Amino acid sequence: MAENKQPDIPQEIRDLAVQNIDQAHAAYNQLMEAARKAQEMMKTIVPSNPMAAGLTEAQERAMRFTQQNLDASFALANELAKAKDLQEVLQIQARHAQLQMHAYALQAQELGAMVNAAAQKAKQGS
């Protein structure tokens, strides 16, 4: 009986994938730096009040979460690019999905609490 062995992914294809991921990661880093600069500029434009301060903090946290999530996606892509066969790809994807779902739940809770706290501060300031 013949084995159901998955064909290996050629090293050349994996190397090309890693190179493309590195280029995309560099472009992403430039985009995030531009977003940070825009965020800093907005702080100087928006007048200071309790609601704005709380929302600014939530926005900054959301930017950090975005960066964490995208970094995790790039780490996933790098792992996938190095996978030797389909079975390894599926294992990597399953592990990543579990980790990210947990991270998303924690991030949503934290952002929700921050927005609620900003709203409470705004009510007290009114």
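I take helices (H or I, at least four residues) and strands (E, at least two) as DSSP runs, numbered from the N terminus. The model is predicted, so I require pLDDT of at least 70 for local features and 80 or more for side-chain atom pairs, while totals for chains, interfaces and linings use all residues. Residues are numbered from 1 along each chain as its sequence is written, and side-chain values use heavy atoms, with hydrogens and water left out.

**Entry 1: overall make-up**

I looked up the secondary structure. The chain has three helices and zero strands. From the N terminus on, I read the order as α-α-α.

Next I checked burial. I call a residue buried under 20% relative accessible area, exposed over 50% and partly exposed in between (1.4 Å probe, protein chains only). Of the 126 residues of the chain, 21% count as buried.

I then took the accessible surface (Shrake-Rupley method, 1.4 Å probe; for residues, only the protein chains shown count as cover). The chain comes to about 9,000 Å², with 60% of that belonging to carbon and sulfur atoms.

For contacts I use heavy atoms within 4.5 Å. Among contacts in the chain with a separation of 6 or more, 79% are between residues 24 or more positions apart.

**Entry 2: the aromatic pair and the core**

Rings of Phe, Tyr and Trp (its six-membered ring) pair if their centres lie within 6.5 Å; planes under 30 degrees apart are stacked, over 60 edge-to-face, and the rest tilted. I count one aromatic pair by this rule. The ring centres of Tyr 28 and Phe 74 are 5.3 Å apart and the planes stand at 40 degrees, so I log the pair as tilted. Tyr 28 is in helix α1 and Phe 74 in helix α2 (residues 50-82), so the pair ties together parts 46 residues apart in sequence. Both Tyr 28 and Phe 74 are buried.

What else does Phe 74 contact, leaving aside neighbours within four places in sequence? I find Ile 21, Ala 24 and His 25 besides Tyr 28.

A nonpolar core is a set of buried Ala, Val, Leu, Ile, Met, Phe, Trp, Tyr and Cys residues joined through side-chain atoms within 4.5 Å. The largest one has five residues: Ile 21, Tyr 28, Met 32, Phe 74 and Ala 81. Elements α1 and α2 each give two or more residues to this core. The most come from α1, with three residues.

**Entry 3: salt bridges**

My rule is a side-chain nitrogen of Lys or Arg within 4 Å of a carboxyl oxygen of Asp or Glu. I count three salt bridges.

- Glu 33 pairs with Arg 36, with the closest N and O atoms 3.4 Å apart. The two are three residues apart in helix α1, about one helical turn. Glu 33 is partly exposed at 36% relative accessibility. Arg 36 is also partly exposed, at 29%.
- Arg 61 pairs with Glu 110, with the closest N and O atoms 1.8 Å apart. Arg 61 is in helix α2 and Glu 110 in helix α3 (residues 86-125), so the bridge ties together parts 49 residues apart in sequence. Glu 110 is partly exposed at 30%.
- Arg 95 pairs with Glu 79, with the closest N and O atoms 2.3 Å apart. Arg 95 is in helix α3 and Glu 79 in helix α2, so this bridge ties together parts 16 residues apart in sequence. Arg 95 is partly exposed at 39%, and Glu 79 at 34%.

**Entry 4: a surface patch**

Patches take residues with over 30% relative accessible area and no salt bridge; like charges are joined within 9 Å, nonpolar side chains (Val, Leu, Ile, Met, Phe, Trp, Tyr) within 5 Å. Met 41, Met 42 and Ile 45 make a nonpolar patch of about 310 Å². Met 41 lies in helix α1 (residues 11-45).
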